[in-house]
Amino acid sequence: MSESRDFLLCFDENYNIQAEVTISSLLENSNFKLNFHIIHDDPESFEESKKRLISLSNLQSIEVYKFNKRQNVIFPNFDESHMSEATYYRLFLSDYLPRTIKNIIYIDPDVICLNNFDRMVETSFEILNNSKYVIGAKTEHYEKSNNDTSTRLELTRNKYFNAGVTFIDYEKWIDESYTEKLISHMDYLGDRVLWMDQCVLNSFLDGSYVEIPEQLNFTSRLYDKEFLLDEVVFYHFVGSRKPWTVKGVFSDGESLYQHFHKRLFNNNYHIVHRYKRDSIFQFFKLILSLRIFKLKNPLIYVRNFIDSF
């Protein structure tokens, strides 16, 4: 096995805590020494999280790079009122990361690691490195020929992958000038980009990627915690019902995300409001339905909810 493993995360201040939880879960589930590369719009805002992470075992390094937008780059269909431009940052990774890296895993800050990933990651990179492809990802679904997505993104193989966990042969990325090609393709697609960098990557690759095991980007909500803890490596909280929202707690109960957060933050829950009025509504639903008593620490949750305003 390699002595270390590299990860890339891209986010802004609104996801500092979530990223800290992601990183801590990775450190807990590896025998590798881990290097984390973060592209961030405001690195200083991550300093407190960085200080806490430095004390954890298996951490070799954390490098935080300030994103500086290239002149004349326009992010398609970007609305800063409810989007983060950080979603596009990974396309620019070769502007920031050292060229000495061979392989790197991009991972969203709404992913947690539930089991040791060393062997499965090693095998997946062996397959990727021995292929002609630059990217490894998990196919999310197959589009029908000539439907809206296939037509909009010019997909000929009809495969569409979830970009939340992406294996990257960084040497090939550099050699084949992927950053420049992806920026050019983003400009070419223009307003046809709906799901930001994920659309750009899917359209550009058009099915030309290595398939990674489902356990490395597991997204289904249909399984209980026992199954997830037994079978899943990287669990991805897709969609708008995030585990740090009150709506997420009302729908899904106490998530594994909160388990990791409570261990980091003195048994406190992480609560974020997208819309405060909706959070209050969901909170009262949680009380009146008595679902709040399914949480391990309902009184702490109530206190954390009040403190979050």
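Predicted model: local features only at pLDDT ≥ 70, side-chain atom pairs only at ≥ 80, totals over all residues.
## Overall architecture

The chain contains 12 helices and 9 strands. Its radius of gyration is 20 Å, close to the 19 Å that the globule rule gives for 309 residues, so the chain is as compact as a globular protein of that length. The C-alpha trace spans about 55 × 45 × 40 Å along its principal axes.

Of the 309 residues, 54% count as buried. Among contacts between residues at least 6 apart in sequence, 77% join residues at least 24 apart.

## Surface and charge

The chain carries 36 positive and 44 negative side chains. The centres of these two sets lie 5 Å apart. Across the whole structure, a search finds 16 salt bridges. Several are described below.

## A bridge between helices 1 and 2

Arg52 and Glu20 meet through their side chains in a salt bridge, at 2.7 Å from N to O. Arg52 lies in helix 2 (residues 47–54) and Glu20 in helix 1 (residues 16–28), so the pair ties together parts that are 32 residues apart in sequence.

The two partners have their own accessibility values. Arg52 has 32% relative accessibility and counts as partly exposed. Glu20 has 0% and counts as buried. The cut-off for buried is under 20% relative accessible area.

Asp110 pairs with Lys242 in another salt bridge, with the closest N and O atoms 2.6 Å apart. Asp110 sits in the loop between strand 4 (103–107) and strand 5 (111–113). Lys242 sits in the loop between strand 9 (234–236) and helix 9 (246–252). The positions are 132 residues apart in sequence, so this pair also ties together separate parts of the chain. Asp110 is buried, and Lys242 is buried as well.

Asp252 forms a salt bridge with Arg241. The closest N and O atoms of this pair are 3.0 Å apart. Asp252 belongs to helix 9, while Arg241 lies in the loop between strand 9 and helix 9. The two residues are 11 apart.

Both accessibility values can be given. Asp252 is partly exposed, with a relative accessible area of 37%. Arg241 is partly exposed at 28%.

Most residues other than glycine have a negative phi. Two residues here call for a look at the backbone.

Asn158 has a phi near 70°, a positive value in a residue other than glycine. Asn158 is placed in the loop between helix 4 (148–153) and strand 7 (159–169). Its relative accessible area is 14%, so Asn158 is buried.

Ser177 also has a positive phi, near 50°, and is likewise a residue other than glycine. The loop between helix 5 (170–175) and helix 6 (178–189) holds Ser177. At 37% relative accessibility, Ser177 counts as partly exposed.

Note on methods
Residues numbered from 1 in each chain as written. Heavy atoms only, no water. Helix = DSSP H or I, 4+ residues; strand = E, 2+ residues; numbered from the N terminus. Rg over C-alpha atoms; globule rule 2.2 N^0.38 Å. Buried < 20%, exposed > 50% of the residue type's maximum accessible area, 1.4 Å probe, protein only. Contact = heavy atoms within 4.5 Å. Lys, Arg positive; Asp, Glu negative; His and termini not counted. Charge placed at Lys NZ, Arg CZ, Asp CG, Glu CD. Salt bridge = Lys/Arg side-chain N within 4 Å of Asp/Glu carboxyl O.
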